[in-house]
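Keep the structure open while you read, and look up each residue as it comes along.

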Amino acid sequence: MGNTWLAQVGRALLLPFFGIGRGIAGNGEQLQLLLTPRSELIKENIRLRVRVEELELEVQRLQEVERENRRLRSLIGWQQQTPWKLKLARVIGRDPSSWWRVVQIDLGEKDGVEKDAPVLTPAGLVGKVGQVDKYFSWVYLIGDPRCRVSVVVEEGPMGIIQNASSATAGIVDLNYLPKSAELRPGQRVFTSGVGGIFPKGIPIGVVIDSEDVELGLYKRARVRLSADISRLEEVWVMIK
Amino acid sequence: MGDDQIKNVYSWAIAVVVPVVCYLEFICELPRRVIGIQPDVLPAVLTWGWLVLGPFSITLLAFWAALCFSGISQNPFLVTFLPIAVFGLWIYRQRGVLLVRNSVTQIVVSGVGAGVVTLGQYILLILSGVKMDVGASLIYQVIVNVVFCAVMGPIFCVFFQYLGIVLVPRKSGQGSFRPDREIRRGRIIC
């Protein structure tokens, strides 16, 4: 859907607008840089240097943990996890129809992006790559009917997030929880790793409330997403 | 001749505005941050075309709008095209009872058009097998689209009318001079 030749013609028609838009945005950023006082830039530079050093130490620690993890996995005969690389993408625009929760990013086939690649922000998962063109891709956000995520509630059961529960972005339905599940508001929700698309342990959000549905056959909970998907400007795409 | 010329100007003007509006809907985040969703104002842009153009132009503009919209949306082409074209042609058939230059008519046509187009797209998506929720979010989307288009429709109509006045040279009217009533000096020679 949305990838027919007619859609491609439509995209080609709008390419000049994308070019103009990118040019204006670039000039705006340049202007902002020119207008920022030098003292402010020096302060920020010092702050970022400190942060880089902190992160370098953190990376060293995590590399050690990864080495240990790999060694332990090989000791107990578990399969090694596929290493993922992250690539930063800029959000170009968003599908105007409210029933699709889709954004377009400026990475495509030429950057190594593949269909179904997980997309996240530092706050948590935002969705997966749905369609890939040569120079850009469409990301199906959590809440879009085509982005189903198998998740696990902290100290609780597994369920499936399949669509948004309200007109406003940021709240989604967590379905198919066992009726015996005891859920408390504030419990954290992570990807379960089941399904093979999303790696295990990526934060999704927190439980707001829950209710029995389908005559008490199973439970449904509302989850507030950690990542603010209504204000996405830059996202990270996982590339194999 | 003049009528055809002005209709051509309207068609071209609408055709130019459509991709601009599509692109703005694609990149503009402000409405989404304020009201939660992006209103679709394409019906408002097309209202003037529905009210004054012929069936061929209405269909062609619907095709063009759907083509541009397909470039920024996951909606299949036909899902966008059919409601716009069908409603436009229906308005064309009702034109005999509509005061096309009246603001109230433009508000009603634009608002109703927005509602019909949004609901039509939704129904077509469900018929094409997409699992969609029919609930509060749909009603909210319809209301927002209707309100925005009802407000924007007359504004676009005035804009296109103005373009027509500016871009089409008017034929000068006949003067009061009549050669048979010219007063000639001197004797009348029979």
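A:Asp111 sits in the loop that links β2 (102–105) and β3 (118–121) of chain A. Strands here are DSSP runs of E, at least two residues long, numbered from the N terminus. The model is predicted: local features need pLDDT of at least 70, side-chain atom pairs count only at pLDDT 80 or more, and totals for chains, interfaces and linings use all residues. Residues are numbered from 1 along each chain as its sequence is written, chains are lettered from A, and side-chain values use heavy atoms, leaving out hydrogens and water.

**Around A:Asp111**
- A:Asp111 counts as buried because its relative accessibility is 16%, and buried means under 20% relative accessible area, with a 1.4 Å probe and protein chains only.
- Leaving aside residues up to four places away in sequence, A:Asp111 touches A:Lys87, A:Asp106 and A:Ile239 (contact means heavy atoms within 4.5 Å).
- A:Ile239 is 128 residues away from A:Asp111 along the chain, yet their C-alpha atoms are separated by 9.1 Å.
- A polar atom of the A:Asp111 side chain lies 2.8 Å from the backbone nitrogen of A:Gly108.

**Positive phi values**
- A:Asp116, also in the loop between β2 and β3 of chain A, has a phi near 75°, a positive value in a residue other than glycine.
- A:Glu155, in the loop between β6 (149–153) and β7 (158–164) of chain A, has a positive phi near 50° and is not a glycine either.

**Buried or exposed?**
- A:Asp116 is partly exposed, at 27% relative accessible area, a class that runs between the 20% and 50% limits.
- A:Glu155 is exposed, at 70%, where exposed means over 50%.

How values were computed:
Helices (H or I, at least four residues) and strands (E, at least two) are DSSP runs, numbered from the N terminus. A polar contact is a pair of N or O atoms within 3.5 Å; within protein, one must be able to donate a hydrogen and the other to accept it, and residues adjacent in sequence count only if both atoms are side-chain atoms.
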